[in-house]
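Subject: Structure handover

Hello,

Here is the structure we talked about. Please open it first, then read the notes below alongside it.

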Amino acid sequence: MAAQAGLGEHELVDALRAEVGQLLVAHTQEAETSGQAPLSGRQRRALGERLISEALERYTQRLLSTGLPAFDPLIEQRAVRTVHDALFGLGGLQRLLDDPNVENIDVNGCDRVFVRYADGRKEQAPPIASSDSELVELIRTVAARGGAEERRFDRAVPRLNVQLPDGSRMFAVMAVSDRVSLSIRRHRYPRATLPQLRGLGVFDREVESLLRALVQARKNIIVAGGTNMGKTTLLRALASEISPAERLVTIEDTYELGLHQDGLHGDVVPMQAREANIEGEGAIDQAELVRWGLRMAPDRVIVGEIRGAEVVPMCNAMSQGNDGSLSTIHASTSRGVFTKLAAYAVQAPERLSLEATNLLVASAVHFVIHLARDTEGRRAVSSIREIIGADGAQLISNEVFRPGPARRAVYATPLRTETLADLEAVGYCPGPADGEWSP
């Protein structure tokens with residue numbers, strides 16, 4: 001084999017990548033000079049595939065002309081895929097991103113790759129780069145393709161938070177960890193609906209009916225749960241019940257919701273927080289974006305995740321006429337949401353006291369929906385809590401649905417009379433008062 005004569009698969013990949021890369025640049029420059037229209041993404045890929053095939057044929061001819069045998073067809077096939085992914089995809093990550101069953105990807109150095117699948121399996125995958133230095137370059141390539149905003153990744157800015165072309169979110173770190181590390185969270189349901197989630201077993205028919213009514217009755221909702229529990233997916237499903245005629249403003253740290261691309265809502269203004277530039281200036285956080293969003297005449301404001309100072313302007317938005325707004329928050333229980341909101345509010349520039357925070361939350365938030373894993377390990381709605389009011393340091397609420405023996409939501413407490421009337425006005429029909437809900 002050629003590899004035995006000192007030529008390996010790595011050399012083949014490097015040679016093909018360099019040659020085809022130069023040819024693509026030359027083609028682009030020639031097209032610009034002659035005034036031709038730029039190639040579409042599909043046309044550029046087709047051109048690249050042809051150039052890779054031709055370059056491989058020339059490389060093989062050079063080997064044969066010097067008396068060396070050609071590469072094994074399997075090696076050629078792997079090399080072509082690697083070059084294609086490097087030029088048009090995301091390198092070694094692409095094969096994992098192409099697998100629809102992959103849910104999360106965790107990388108602790110180029111050769112320590114762990115994959116969690118949709119069925120709960122966790123396996124170690126092959127390396128995604130030949131070295132940590134190459135992994136850094138791959139991450140920078142991802143950042144360059146992640147949007148127009150400046151996204152540095154070096155020792156001065158050792159973290160990167162960016163959306164991948166398929167909508168997944170990647171967070172990477174270097175210098176502050178032993179090795180370059182990254183985590184990718186996949187969005188397997190970018191256009192989720194309530195019936196779809198019910199079909200997946202996230203909740204039963206009665207919970208689905210209640211959730212739909214809450215959105216249509218313009219109740220302000222916070223979706224809570226732990227990491228990787230499906231909060232963003234449920235938020236998308238709730239948003240799918242919003243009328244297409246409504247104007248939405250979405251505010252996120254990194255674009256994930258994709259409501260402006262879901263085909264359901266035409267009047268959407270997506271806004272994304274911005275990091276500081278290389279001079280340390282120009283940062284815009286979510287709290288500021290919420291204030292900006294309120295000036296854009298939204299019917300509803302949707303904050304991808306409450307994680308800090310944006311809690312105060314978000315609650316102000318909810319309590320000042322933008323009913324029906326939605327958000328998510330990390331919390332281990334539905335009641336724990338109130339503690340998290342208070343902690344964020346006291347750290348915000350307004351420095352709200354616990355009593356003031358409770359009054360603000362009580363006037364703003366109507367319901368908290370909590371997600372957890374049931375006894376079988378499936379994601380499920382475990383609790384739905386209605387906010388009643390505030391009494392000093394106590395925020396009063398009723399847990400309408402509580403975790404049952406399987407840690408899934410079961411009926412617990414009736415809705416308030418006025419709330420029930422609001423929901424019935426949009427067609428809600430509650431189930432039996434004895435709590436025997438139908439699946």
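Predicted model: local features only at pLDDT ≥ 70, side-chain atom pairs only at ≥ 80, totals over all residues.

Start with one definition. Angles under 35 degrees count as roughly parallel, over 145 as roughly antiparallel, and 65 to 115 as roughly perpendicular; the rest are called oblique.

**The whole chain**

The chain has 439 residues, and 48% of them are buried. It holds 13 helices and 15 strands. Along the principal axes, its C-alpha atoms fill a box of roughly 85 × 50 × 45 Å.

**Helix α12 and its two partners**

Find helix α12, residues 354-364. Helix α10, residues 311-319, packs against α12 at an angle of about 40 degrees. Their axes are 8 Å apart.

Which residues of α10 and α12 make the contact? On α10 they are V312, C315, N316, M318 and S319. On α12 they are L360, V361, S363 and A364. By class, this contact has 6 nonpolar residues, 3 polar and no charged.

Next, look at helix α11, residues 336-347. It packs with α12 at an angle of about 120 degrees, with the axes 9 Å apart. Roughly perpendicular ends at 115 and roughly antiparallel needs over 145. So α11 is oblique to α12. The crossing of α11 and α12 is right-handed.

L341, A342 and A345 of α11 meet L354, T357 and V361 of α12. That contact divides into 5 nonpolar residues, 1 polar and no charged. Notice V361: it takes part in the contact with α10 and in the contact with α11.

**An aromatic pair**

The chain has 2 aromatic pairs. One of them is F401 with Y411. How far apart are the centres of their rings, and at what angle are the planes? The centres are 6.2 Å apart and the planes are at 85 degrees. Planes over 60 degrees apart count as edge-to-face, so the pair F401 and Y411 is edge-to-face.

F401 sits in strand β14, residues 394-403. Y411 sits in strand β15, residues 409-411. Are they buried or exposed? Buried means under 20% relative accessible area. F401 is at 2%, so F401 is buried. Y411 is at 18%, so Y411 is buried too.

**A residue in the loop between β14 and β15**

A406 lies in the loop between those strands. Its relative accessibility is 30%, so A406 counts as partly exposed. Leaving out residues up to four places away in sequence, A406 touches D374 and T375. A406 and R373 are 33 residues apart in sequence, while their C-alpha atoms are 9.2 Å apart.

**A buried threonine**

Last, go to T250 in strand β8, residues 248-252. T250 has a relative accessible area of 2%, so T250 is buried. What does T250 contact beyond its neighbours within four places in sequence? The list is L257, L259, V268, V269, P270, M271 and I302.

Best wishes

Key: Residues numbered from 1 in each chain as written. Heavy atoms only, no water. Axes fitted to C-alpha atoms, helices over the stretch in contact; angles between N-to-C directions. Helix = DSSP H or I, 4+ residues; strand = E, 2+ residues; numbered from the N terminus. Contact = heavy atoms within 4.5 Å. Nonpolar A, V, L, I, M, F, W, Y, C, P; charged D, E, K, R; others polar. Phe/Tyr/Trp six-rings, centres within 6.5 Å; stacked < 30°, edge-to-face > 60°. Buried < 20%, exposed > 50% of the residue type's maximum accessible area, 1.4 Å probe, protein only. Left-handed = near helix turned anticlockwise from the far one by under 90°.
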